[in-house]
Amino acid sequence: MNLSERRHLAGSPLTLPVLGLGCSQLGGLHQEMPAQQAVDTLANAWQQGIRYFDTAPFYGHGRSEHRLGTVLDEQERDEFVLSSKVGRLLAPNGSERANDDGWARPLPFKPVYDYSYDAILRSHEDSLQRLGLSRIDILYVHDIGRRTHGERHDLHWQALTQGGGFRALEQLRSSGQVRAIGLGVNEWEIVVESMGECQLDCTLLAGRYTLLEQQSLRPLLDRCVAGGNAIVAGGVFNSGILAGGQHFDYGVAPAAVVAKVGALQEVCTEFAIPLAAAALQFPLAHPAVVSCVIGARSAEQVSTNVAWLQTPIPVAFWNTLKQRGLLDDAAPVLGNPA
């Protein structure tokens, strides 16, 4: 894969680079990231040629947006694509920093779910102020879905549909304040529902179209091609297990997943291909997918991800995965001649 390749969004003037940097780690996901480490990570991403950055108010309760904006302010605004998210407002929380949502040292704010018209507009404005930048290119609705919200899903869904949340997003797009709108979720079913309510330009879908899981292939991705809803693939390593970790879907990997990863690794060993390289490149073969967003805790991890993207992978490798029942037969694949 060529890092400089860009892909078009069907209904938007935007083009997205095939590789983007997800900035949850800048907010201290699971462990604190020192300020200089954050700067070095972003500096190396820029040096490597990465020009798409994704963040959210939730990441470190504002810390990720602060850090990312400070670094990107040194660059020409038209040189990069920036996405952030709506769906949570940050309420002052005094000096309290304790949390139970995975952030090691968040800023002293408490995230409050709100998908209503006024909240979407306010969240967009708040993010611009934290970032200190002139615009956000893509605005995603963050973490809407029944599995995420349980019994409160209907309440939040009503705010988004009947309470004007989608209308606010469409207003921001039509006024030119943002260039594209969509969802940032890890549930493919809610994407299908949302496409019936709003014309989405792109969706950041985490962990649902990967080497381990292709259930979204037919019900969602084919529809996205027809409907002009581009997919940005997030969570391509499924919380780390496809990159040497032990976690799947934010928890300890079950035995069946561990077994399948072992089988995938056997094929990778036969072809002398890093499993993580295959995991990163796989989603990009589908015509609905315009970009993959990866996370990184250090400058070295950024360089490693770029190397994985550029690793040559022959078609025979993908064919072998399909022959052994490790990959959906209908999944498109890329590759160099064997």
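Predicted model: local features only at pLDDT ≥ 70, side-chain atom pairs only at ≥ 80, totals over all residues.
I number residues from 1 along each chain as its sequence is written. Local features need pLDDT of at least 70 and side-chain atom pairs 80 or more, while totals for chains, interfaces and linings use all residues, and side-chain values use heavy atoms, without hydrogens or water.

**Helix pair.** I looked up α3 (residues 117-131) and α6 (residues 165-174); helices are DSSP runs of H or I with at least four residues, numbered from the N terminus. Their axes lie 7 Å apart at an angle of about 40°. I take axes as lines fitted to C-alpha atoms over the stretch in contact, with angles from 0 to 180 degrees between N-to-C directions. The angle makes α3 oblique to α6 (under 35 degrees is roughly parallel, over 145 roughly antiparallel, 65 to 115 roughly perpendicular, the rest oblique). The crossing is right-handed, meaning that the near helix is turned clockwise from the far one by less than a right angle.

**Contact residues.** I listed contacts as heavy atoms within 4.5 Å. From α3, Tyr-117, Ile-120, Leu-121 and His-124 meet residues of α6 that include Arg-167, Leu-169 and Leu-172. By class I note six nonpolar, three polar and one charged residues; Ala, Val, Leu, Ile, Met, Phe, Trp, Tyr, Cys and Pro count as nonpolar, Asp, Glu, Lys and Arg as charged, and the others, Gly among them, as polar.

**Cysteines.** I searched for disulfides (cysteine sulfur pairs within 2.5 Å) and the count is zero. For Cys-202, the nearest cysteine sulfur belongs to Cys-224, 10 Å away. Cys-202 is buried at 0% relative accessible area (buried is under 20%, exposed over 50%, partly exposed in between, with a 1.4 Å probe and protein chains only). For Cys-292, the nearest is the sulfur of Cys-202, at 14 Å. Cys-292 is buried too, at 0%.

Technical notes
Helix = DSSP H or I, 4+ residues; strand = E, 2+ residues; numbered from the N terminus.
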